[in-house]
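User: I have this chain open and want to go through it piece by piece. Can you take my questions as they come?

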Amino acid sequence: GVMQLTVAGESARGTPTTVALKPIALNLGSHEVMRGSLPLPDGFKPRQTTIQVLDRPAGKPLGMRVLLVR
């Protein structure tokens, strides 16, 4: 499957913006802990991240979580 991260926040100019990051390939068991980081555009201030696990890129959703960013 793949993990797709979509980050909502404000651009460097202060306008509301959503950034879809490159999908990350996964091999998951019943429970996994993922760690890492990905670059965001310069000056972008994240507010919320939506994490979707899909069976393939642009495929069927298997799970989703929404996290607030502080």
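User: What volume does the second largest pocket have?
Analyst: The second largest pocket has a volume of about 250 Å³. Keep in mind that this is a predicted model.

User: And which residues line the second largest pocket?
Analyst: Its lining consists of Met3, Leu26, Leu28, Gly29, Ser30, His31, Glu32, Met34 and Val53. By class, that lining divides into 5 nonpolar, 3 polar and 1 charged residues.

User: What about the largest pocket, what's its volume?
Analyst: The volume of the largest pocket is about 400 Å³. It is lined by 16 residues, and Leu5, Gly36, Ser37, Leu38 and Thr49 are the ones nearest its centre.

User: How many of the residues lining the largest pocket are nonpolar, polar and charged?
Analyst: The lining of the largest pocket has 12 nonpolar residues, 3 polar and 1 charged.

User: Back up a bit. How many helices and strands does the chain have?
Analyst: There are 0 helices and 5 strands. Read from the N terminus, the elements go β-β-β-β-β. The C-alpha trace spans about 40 × 20 × 20 Å along its principal axes.

User: How do strand 1 and strand 2 pair?
Analyst: Strand 1 (residues 2-10) pairs with strand 2 (residues 16-20) in the antiparallel sense, over 5 bridges. Within that pairing, Ala8 has Thr18 of strand 2 as its bridge partner. The hairpin they make has 5 residues between the strands, and Gly14 there takes a positive phi near 90 degrees.

User: Strand 1 and strand 4, how many bridges?
Analyst: Strand 1 and strand 4 are joined by 9 bridges and are antiparallel. Across that pairing, Val7 is opposite Thr49 in strand 4.

User: And how many bridges join strand 4 to strand 5?
Analyst: Those two are also antiparallel, with 7 bridges between them. Gln48 faces Leu68 of strand 5 as its opposite residue. Strand 4 and strand 5 form a hairpin with 6 residues between them.

User: Which residue in the turn of that hairpin has a positive phi?
Analyst: Ala58, with a positive phi of about 60 degrees. Ala58 has this phi although it is not a glycine. Ala58 sits in the loop between strand 4 and strand 5 (61-68).

User: Is Ala58 buried or exposed?
Analyst: Ala58 counts as exposed because its relative accessibility is 80%, and the cut-off for exposed is over 50%.

User: Now the core. Which residues are in the largest nonpolar core?
Analyst: The core has 8 residues: Met3, Leu5, Val7, Val19, Leu21, Leu26, Phe44 and Val53. Strand 1 gives the most to this core, with 3 residues. For the chain as a whole, buried residues make up 23% of the 70 residues.

User: Leu21 is on that list. What is Leu21 in contact with, leaving aside neighbours within four places in sequence?
Analyst: Leu21 is in contact with Gln4, Leu5, Val7, Leu38, Pro39 and Leu40, with those neighbours left aside.

User: Where is Pro23?
Analyst: Pro23 is in the loop between strand 2 and strand 3 (24-25). Pro23 counts as partly exposed because its relative accessibility is 35%.

User: What does Pro23 touch, not counting residues up to four places away in sequence?
Analyst: On that count, Pro23 touches Val2, Met3 and Gln4. Pro23 and Val2 are 21 residues apart in sequence, and their C-alpha atoms are 6.0 Å apart in space.

User: How far is Arg65 from Gly9, C-alpha to C-alpha?
Analyst: Their C-alpha atoms are separated by 17 Å, and the two residues are 56 residues apart along the chain.

User: Last one. Among contacts between residues at least 6 apart in sequence, what share joins residues at least 24 apart?
Analyst: In this chain, 43% of those contacts do.

Terms used
Residues are numbered from 1 along each chain as its sequence is written. This is a predicted model: local features need pLDDT of at least 70, side-chain atom pairs count only at pLDDT 80 or more; totals for chains, interfaces and linings use all residues. Side-chain values use heavy atoms; hydrogens and water are left out. Two strands pair if DSSP finds at least two bridges between them. Helices (H or I, at least four residues) and strands (E, at least two) are DSSP runs, numbered from the N terminus. On a 1 Å grid over the protein atoms alone, a cavity is a set of points where a 1.4 Å probe fits but cannot get out, and a pocket is an open set with protein on both sides within 12 Å along at least five of seven lines; lining residues have an atom within 4 Å of a point. Grid points are joined across faces, edges and corners, and a volume is the space filled by probe spheres set on the points. Ala, Val, Leu, Ile, Met, Phe, Trp, Tyr, Cys and Pro count as nonpolar, Asp, Glu, Lys and Arg as charged, and the others, Gly among them, as polar. A nonpolar core is a set of buried Ala, Val, Leu, Ile, Met, Phe, Trp, Tyr and Cys residues joined through side-chain atoms within 4.5 Å. Buried means under 20% relative accessible area, exposed over 50%, partly exposed in between (1.4 Å probe, protein chains only). Contact means heavy atoms within 4.5 Å.
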